[in-house]
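Please find below my notes on the two-chain model.

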Amino acid sequence: MSLLSVRSLSVTLRNRPVFRDVSFEIGPGEFVGLLGPNGAGKTSLMRASLGLIRADGDSSLAQMSASDRARAVAWMPQSREIAWPIPVERLVALGRLPHLPQGRTLPPAEQAYVDRAIERMGLDAFRGRAASRLSGGEQARALIARALAQDTPLLMADEPAAGLDPAHQISSMQVFADLAAEGRSALVSLHDLGLAARHCTRLILMAEGGILADGPPAEVLSTELMAQAFGISIWHRETENGPVFQPLEVL
Amino acid sequence: MIRLMLFLSGTVVILFLIALTAGPADVSARDSLAALFDDSYGPLSLVMWEIRLPRALLAVIIGAALGLAGAAMQGYLRNPLAEPGLIGVSSSAALGAVIAINTGLAASATLGLPFAALAGALMGVFLVMALAGPQGGSLTLILAGIAISAMAGALTSLVLNLSPNPFAANEIVFWMMGSLADRSFVHVGLVLPFAVVGAVILLSLGRGLDALTLGEDAAQTMGVNLKRVRLWLVLGTASVVGGATAVAGAIGFIGLVVPHILRPLVQGQPSRLLWASALGGAIMLQMADIAVRLILPSRDLKLGVVTALVGAPLFLHLIYKTRKGLV
């Protein structure tokens with residue numbers, strides 16, 4: 001059973017083709033990293049497959065009704081908007097909205113999802129703090145927790161690791177990897193190739209108006225593909241501490 | 001939360017009783033309240049039923065409507081500076097009323113003025129929806145609202161400019177300052193359906209507004225239909241603001257200041273702010289209407305003047321506090 005199935009998707013924004021004929025499927029238990037240089041269309045691909053922008057081609061999520069989609073996928077956009085100073089706990093609880101019938105108090109069973117998401121992102125100390133007054137990285141963690149609380153089979157996040165400190169970058173990656181181990185899936189765009197090499201189960205590399213490569217990290221993070229997509233030289237080894245990836249120079 | 005709602009509701013009731021007992025007639029509070037339920041007081045019963053009760057009721061209804069619309073508008077636009085007048089309905093309602101005064105319709109037909117104002121509000125809604133387009137975005141709505149407000153304001157000035165006699169101009173200017181004086185139960189009956197329908201619509205938006213805290217993209221993927229939210233927001237706001245302006249004239253600042261004051265007390269959550277702001281709006285308009293009667297009873301101080309006089313410094317204070325919080 002696939003959680004997201006995209007067939008020959010093309011997006012054109014303001015008469016400029018962003019990407020053409022992109023197809024891929026995401027099944028259960030995958031942690032997919034979406035890589036690519038700036039402007040390659042990572043965000044557009046994710047938004048188009050969610051049905052948030054107009055696109056040609058098919059995406060299984062875009063065809064769903066809004067309420068079905070809200071139970072199938074959780075989305076964390078790149079812009080970290082928190083409009084009001086609501087406490088972190090209530091912010092995370094917003095993720096439960098799609099599952100609630102009309103009415104706004106959270107029943108205890110729902111509170112369990114909220115608590116689990118807060119605990120996973122290490123936000124226990126921030127529960128009562130106003131989310132809009134947290135630092136950028138803390139806000140990002142709160143928003144990841146919000147998406148986790150939505151408790152969907154698929155989680156899509158646009159650069160969730162940007163602005164996090166190294167410890168929280170690693171622990172967030174671990175959270176996504178844990179989701180995959182539980183049989184859910186995550187599709188996450190990333191710029192940190194080192195994190196992608198260590199944590200993702202699969203990488204999709206976007207460049208030149210389409211998907212350049214799609215496969216396990218060891219294959220996608222090759223010297224040739226990195227030179228072609230990013231124009232960089234790399235150092236990539238399997239070590240006793242796991243795979244280590246380091247970009248070296250601009251070619 | 002429950003304590004806040006109880007406090008606000010209690011204040012509304014107390015102010016309602018004060019509003020019923022405050023007035024130029026020299027009678028005790030107990031007598032005036034007793035006269036409501038007993039015809040034997042003669043003229044006092046008449047004063048209570050024909051003058052004070054409708055006025056007090058209008059203050060509650062209109063204040064609540066404006067506070068609610070302000071909270072909904074700020075929640076939708078995710079901007080604490082938004083106010084219900086932003087979509088251009090209040091200025092187009094005012095234009096309708098001004099034309100009615102100028103053409104003599106207001107003087108010749110009993111409810112000519114409020115109905116003309118409602119017609120103006122309706123025109124404003126149609127224009128704003130047509131201009132804002134079918135997409136669910138908030139930016140086009142703001143721009144359309146500003147354009148219509150400017151247009152209606154210009155036309156209002158034109159009517160004033162070409163006004164054949166100074167008395168009509170005088171009446172227009174005073175009407176635009178907003179007042180609840182000399183209103184009857186007919187006016188209550190006129191505004192009530194619009195306020196109730198609008199309030200039901202706006203209160204149903206709580207969930208969507210909560211989700212919009214995270215931005216339009218995130219809200220959409222949480223199952224919120226943005227087009228529907230925007231449509232209902234405009235219709236609900238137009239209903240309450242159109243009705244309120246038709247009956248009471250332009251009363252500003254309530255929809256702006258009340259949600260701003262109450263936001264920290266409901267921990268910023270838009271859905272809770274809707275209810276709290278409705279009560280807060282009722283409180284603020286009641287206080288203003290009582291103040292109008294107590295401060296300068298003989299000079300017919302206008303309500304819109306008082307709300308602006310109180311609202312603007314309050315707003316300055318809030319800006320100052322926000323600025324300190326940011327540093």
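1. How many of the nine residues of α1(A) are buried? The model is a predicted one, and in it seven of the nine residues of α1(A) are buried, so that this helix is mostly covered. The buried set consists of A:Lys42, A:Ser44, A:Leu45, A:Met46, A:Ala48, A:Ser49 and A:Leu50. Just after α1(A) comes A:Gly51, with a positive phi of about 85°.

2. The interface is the next topic. Chain A contributes 30 residues to the contact and chain B contributes 27 residues. The size of an interface is often given as the accessible area lost when the parts come together. Between chain A and chain B the buried area is about 2400 Å², and carbon and sulfur atoms give 57% of this area.

3. Two salt bridges are counted between chain A and chain B. A:Arg47 and B:Asp217 form a salt bridge in which the closest N and O atoms are 2.8 Å apart. Polar contacts across the interface of chain A and chain B amount to nine residue pairs, with both residues at pLDDT 80 or more.

4. On the side of chain A that touches chain B, the elements giving two or more residues are α1 (42-50), α2 (66-72), β5 (73-76), α3 (88-93) and α5 (136-149) of chain A. The largest share of that side, four residues, is supplied by α2(A). Sorted by class, the side of chain A that touches chain B holds 20 nonpolar, four polar and six charged residues.

5. In soluble globular proteins, nonpolar side chains tend to be buried together. Here the largest nonpolar core has 157 residues, and A:Phe31, A:Leu91 and B:Ile62 are the ones that touch the most other members. Helix α3 (residues 43-77) of chain B provides the largest share of this core, 18 residues. Apart from this core lies another of 28 residues, including A:Leu4, A:Phe19, A:Trp75 and A:Met206.

6. Which residues does A:Phe31 touch, not counting residues up to four places away in sequence? They are A:Met173, A:Phe176, A:Ala177, A:Ala180, A:Ala186, A:Val188, A:His199, A:Cys200, A:Thr201 and A:Arg202.

7. B:Thr237 deserves a separate entry. This residue lies in helix α12 (residues 226-248) of chain B. B:Thr237 counts as buried because its relative accessibility is 0%, where the cut-off for buried is under 20%. A polar atom of the B:Thr237 side chain lies 2.6 Å from the backbone oxygen of B:Leu233. Leaving aside neighbours within four places in sequence, B:Thr237 is in contact with B:Ala69, B:Met73, B:Pro84, B:Ile87, B:Leu202 and B:Gly242.

8. Two loop residues remain, each with a backbone angle to check. A:Asn15, in the loop between β1 (4-13) and β2 (16-26) of chain A, has phi near 65°, a positive value in a residue other than glycine. With a relative accessible area of 77%, A:Asn15 is exposed. B:Asp182 is found in the loop between α8 (166-176) and α9 (185-203) of chain B. Its phi is near 60°, again positive in a residue other than glycine. B:Asp182 has a relative accessible area of 75% and is therefore exposed, the cut-off being over 50%.

Note on methods. Residues numbered from 1 in each chain as written. Chains lettered and ligands numbered in written order. Predicted model: local features only at pLDDT ≥ 70, side-chain atom pairs only at ≥ 80, totals over all residues. Heavy atoms only, no water. Buried < 20%, exposed > 50% of the residue type's maximum accessible area, 1.4 Å probe, protein only. Polar contact = N/O pair within 3.5 Å; in protein donor to acceptor, adjacent residues only side chain to side chain. Contact = heavy atoms within 4.5 Å. Core = buried A, V, L, I, M, F, W, Y, C linked by side-chain atoms within 4.5 Å. Buried area = accessible area lost by both parts, 1.4 Å probe. Salt bridge = Lys/Arg side-chain N within 4 Å of Asp/Glu carboxyl O. Nonpolar A, V, L, I, M, F, W, Y, C, P; charged D, E, K, R; others polar.
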